[in-house]
Amino acid sequence: MWINVKRKFRSICWYIGAILIALMTVYPFLWMVSTAFKPEAEIFSNPLSLFSANFSFDNFRAALETIPFMRYFMNSMILAVGGVITNVFFGALAGYSFAKLKFKGRKASFSLLLSSMMIPGVVTMIPQFLVLKNFPLAGGNNILGQGGQGFINSYAAILLPGAVGAFAVFFMKQFFETLPDDLAEAARVDGSSEFRIFWQIYLPLIKPAAITLGIMTFQSGWNSFMWPMIVLNSKEMMTIQVGLATFQYQYNTKYGPLMAGTVLATLPVLLLFIFAQKYYVQGIALSGSKE
Amino acid sequence: MNIWERDEILKRKDYAAKQNFMGRLFVAPPVILFLLFTLIPMVMAIGLSFTDYDIINAPNFVGLRNFKNIFTDEFFFIALRNTCYYTVLYVPLGLLLSLAAALFLNVNKKVVSLFRTLFYLPVLSSTVATATLWFWILNPQLGLLNGLLGLFGINGPAWLYNSRLAMISIVMMSLWAGFGGNMMIFLSGLKGIPDVYYEAARVEGAGRWKMFTKITMPLLTKTTFLVSTMLIIGTFQVFDQAYILTKGGPGNATITLVYYIYNQGFNNLDMGYASSISLILFAIILVMTIINQKINKAEI
């Protein structure tokens, strides 16, 4: 009897604690949404309230009028989705090759890719910018890479260096390694090409892993900031994160429109999370946290 | 050898040659991109660090001048000190917070997965969005934090406008934004500890604290080391938060190493000098990465 009471008490304490922590993580988001829908006067007269009687879209309208948020939204969408397609496809292709095919230079090229994980982006950021700017025959450059802007201020400045990273390859390789070899042997005897064996036999078997990788790639692409800020600096090429940062810098007292912009910059990843939670859990367990 | 056997051998050879070619073709894209956008830039960074390259004029070789200048550069040391200060505050607190949250959620209740999701929510949002939200939360007059402090009769400070509190504000924001991710790693570490250990300890009459210090902590050593080195690698590259929340200010209190490299390289166009600082940062991060990988392989 006494033990039961103690257990009940402990359980209630646990729930109170859990709700308090959840309030700490969730409440700021609710407050962000509430600020975004509040008329300006009310933001200053009653900043803390969560509900407003005068629900309005004015802040969104103001945000979209001051800065081309929709254009930035589209830019980010194109870059993030493009990154997902190339990373999943080329990552799976290379991962499959490392896991299932025998070829010369397999070990060497694998350790080469492995070493790239040790090099932080900060070190390569300046020379990478120079490589993109002086890329031969791109963006008005001549064969020596002189005279134009190269890939700077184009989608390629993000899509090309990020088309397939070592992480995508390792991630996919792990899953192909769990599949048996004899599926390929049988297909080879039947005369299937190596690409068809990959595309029609092996890839469908690791579809959940491919979706997980796709989601992780989308999130990091959508949320990335520093590199897009460096290589996309013209007004119409900015991503939504860079646009939001610019907006925050120029209009840092317009909290309503600022929060409206923040809602727009957060929404896609949040929606993806809600609809694809089971893949998320898988991804988090495999790759740890974001940086 | 009859004709069938010969045919079989030829077929095998054919497969092997095909595989050799296709295998290389399939791994070509990441390998080529690695050469173009990691290896060549890495070599270029080393080369640039011995020059005075400014994008406009051709680079001149200046020997070790850039590296010598670093040691007398007041701002480099301010940036280094700020980065270390951020690391010293953030890493232990981040570790503690995410471990505590994981231990808290490591119970047998159906609602755990709901709360796990809610605790993880801040991790999803971009650092820019989170920092913009915190810029509003930390507003001295209207912000959520000072409003909350006001309920307890505390007059909250001007967080971001005070050179002592600015970095602490950035740490608070980063803790809020990041603890959920490491909590997940600790949770999977905790799931890996077999229940029999705890059952045996219970039979022996061990209390909760004893089980924690004698079973949980020792078995989490590897996870803890991994998370700490990962956190340190991350904190030495902190940029977004400082850029959005304080623009490095007030009075350079939140200029970080990456921020300083970015400023030198892309605002002052002193790409040679920026490259030499980035190589020093690389050395620091490399040490952490090697320790991290050693731990990852070690059987602790």
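This is a predicted model: local features need pLDDT of at least 70, side-chain atom pairs count only at pLDDT 80 or more; totals for chains, interfaces and linings use all residues.
Residues are numbered from 1 along each chain as its sequence is written, and chains are lettered from A and ligands numbered from 1 in the order in which they are written.

**The core**
- Met172(A) and Leu245(B) have the most contacts inside the largest nonpolar core, which has 151 residues.
- Such a core is a set of buried Ala, Val, Leu, Ile, Met, Phe, Trp, Tyr and Cys residues joined through C-beta atoms within 7 Å.
- A residue is buried if 20 or more other C-beta atoms lie within 10 Å of its own, exposed if 12 or fewer, and partly exposed in between.

**Chain B as a whole**
- Chain B has 13 helices and zero strands; helices (H or I, at least four residues) and strands (E, at least two) are DSSP runs, numbered from the N terminus.
- With a radius of gyration of 26 Å, well over the 19 Å that the globule rule gives for 300 residues, chain B is more spread out than a compact globule.
- That radius is taken over C-alpha atoms, and the rule is 2.2 Å times the number of residues to the power 0.38.
- Buried residues make up 39% of the 300 residues in chain B.

**Helix 13 of chain B**
- Helix 13 (residues 271–297) of chain B has 27 residues and reaches 37 Å from its first C-alpha to its last, close to the expected 39 Å, which is 1.5 Å times one less than its number of residues.
- Its buried residues include Met271(B), Tyr273(B), Leu281(B) and Ile285(B).
- Among the elements covering the buried residues of this helix are helix 6 (121–133) of chain A and helix 1 (3–48) of chain B.

**Where the chains meet**
- Chain A puts 73 residues into the contact and chain B puts in 72 residues.
- On the chain A side, helix 1 (residues 2–36) gives the most, with twelve residues.

**A loop in chain A**
- Asn252(A) sits in the loop between helix 13 (240–250) and helix 14 (255–275) of chain A.
- Asn252(A) counts as partly exposed because it has 14 C-beta neighbours inside 10 Å.

Methods. Two residues are in contact if their C-beta atoms, placed from the backbone, lie within 7 Å.
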